[in-house]
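Subject: A structure for you to explore

Hello! Here is the structure I promised to pass on, with the sequence alongside so that you can follow along. Please open it first and then read my notes below.

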Amino acid sequence: MKAYSTITMGIKDDIALLTLNRPDKLNALNAQMRAEITDACGFAGRHARVLVLTGSGRAFCAGQDLSDAGNAASLDLERVLRDEYVPMLHAISECPIPTIAAVNGAAAGAGANLALAADVVIASHTAYFTQAFTRIGLMPDAGGTYWLPRQMGAAKAMGAALFAERITAEDAAAWGMIWEAVPDMEFDSKWRARAAHLASGPTEAYRNLKSALRASWGNGESAQLDLEAKLQGACGQTRDFKEGVVAFLDKRKPFFEGR
Ligand code: T3D
């Protein structure tokens, strides 16, 4: 694993833990951090069975680093988005293992949408999300216009983008934007338990269900049924499927190897 300067990354018990680590800047994203996240997600996909992204300090991520020397108003935002944000977001959303965003505090602008690129978002009650973009004269990016309407519906997505208000973790959960909001005292143990659950699960089935669910947004029913048949066929060839059936018949908990 490479040495990183803006994040920390470790793998233990098949769980990769990627921590955004610029707490003085509320973990705001600069070019180095985007590159490191992209690299670390790729590494996790090859060497772990679940990836957790979280933030150090009191925030999850405050979005683009607005104090970054290269981020003057004249900056070519299109280039930055295409060359740096898109690879990072794809590295998360297309990671072959389940991804969890453990949102420990503020998630603003691209920081909010970085979380939404994960498969499961678990937020502490003190966390909040804001599509802060219009406050500085921008529109949502980093996948916000893609994920928001799909996860919370068109009306809430439009309001969130236009008003750029803080959305509490509890509202985010109630609106379907995230998986769950958890009391602060239980937050750490909750995401760790979720990660442990996924790390000991049928990794190939997770990979295939992720592909199928993501593809469903662009597919008609026939194409989706066809894709399910193909991917389930692949699941049926795994040792984990055989173990799952044997364990069921033996009335015991299955032991999944992840293949
Ligand atoms: O390439 C491109 O630019 C295109 C891509 C754009 C994507 C984007 O993400 S645009 C949106 C950028 N993000 C924001 O506009 C959010 C800015 N931050 C805030 O609105 C607030 O900081 C928060 C709501 C996140 C938290 O508020 P609060 O009151 O808890 O903290 P604070 O006092 O505002 O911030 C604490 C420190 O973090 C402060 O520094 P200081 O005064 O202690 O030295 C503040 O300047 C710094 N900070 C917070 N956010 C950023 C930041 N520094 C740089 N960039 C930030 N985004």
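Strands here are DSSP runs of type E with at least two residues, helices are runs of type H or I with at least four, and both are numbered from the N terminus. Tyr128 belongs to the pairing of strand S8 (residues 128–130) with S9, where two bridges join antiparallel strands. Two strands count as paired if DSSP finds at least two bridges between them.

Before going further, a word on where the values come from. This is a predicted model, so please keep in mind that local features need a pLDDT of at least 70, that side-chain atom pairs count only at pLDDT 80 or more, and that totals for chains, interfaces and linings use all residues. Residues are numbered from 1 along each chain as its sequence is written, and side-chain values use heavy atoms, leaving out hydrogens and water.

**The sheet around S8 and S9**

S8 and S9 are part of an open sheet of four strands, in the order S4-S6-S8-S9 and with mixed pairing. Which strands form its edges? They are S4 (59–61) and S9 (167–168), each of which pairs on one side only.

**The whole protein**

In total, the protein has 10 helices and 10 strands. Its radius of gyration is 19 Å, close to the 18 Å that the globule rule gives for 259 residues, so the protein is as compact as a globular protein of that length. The radius is taken over C-alpha atoms, and the rule is 2.2 Å times the number of residues to the power 0.38. Along the principal axes, the C-alpha atoms fill a box of roughly 60 × 40 × 35 Å.

Of the 259 residues, 46% count as buried. Buried means under 20% relative accessible area, exposed means over 50%, and partly exposed is in between, with a 1.4 Å probe and protein chains only. Among contacts with a separation of 6 or more, 67% are between residues 24 or more positions apart; a contact means heavy atoms within 4.5 Å.

There are 27 positive and 29 negative side chains, and the centres of the two sets lie 3 Å apart. Lys and Arg count as positive and Asp and Glu as negative, while His and the chain ends are not counted. Each charge is placed at NZ of Lys, CZ of Arg, CG of Asp or CD of Glu.

Now look near the start of the chain. Strand S1 (residues 7–12) pairs with S2 in the antiparallel sense over six bridges, and Gly10 stands opposite Leu17 in S2. Two residues lie between the strands of this hairpin, where Asp13 takes a positive phi near 50°.

S2 (residues 15–20) also pairs with S3, this time in parallel, over six bridges. Leu17 stands opposite Val52 in S3, and Leu20 is opposite Gly55.

How many residues of S3 (residues 50–55) are buried? Six of the six are, so S3 is largely enclosed by the rest of the structure. In a regular strand the side chains alternate between the two faces of the sheet. In S3 both faces are covered: Val50, Val52 and Thr54 are buried on one side, and Leu51, Leu53 and Gly55 on the other. S2 is largely enclosed too, because five of its six residues are buried.

Most residues other than glycine have a negative phi. Asn27, however, has a positive phi of about 60° although it is not a glycine. Asn27 lies in the loop between S2 and helix H1 (31–47) and counts as buried, at 0% relative accessibility. Ala142 has a positive phi of about 55°; this residue is in the loop between S8 and helix H4 (144–152) and is buried, with a relative accessible area of 7%.

Is Pro96 buried or partly exposed? Pro96 is partly exposed, at 33% relative accessible area, and lies in the loop between helix H2 (77–93) and strand S5 (99–103). Not counting residues up to four places away in sequence, Pro96 touches Gly45, Arg207 and Lys210. Pro96 and Thr203 are 107 residues apart in sequence, yet 8.7 Å apart in space, C-alpha to C-alpha.

Enjoy exploring!
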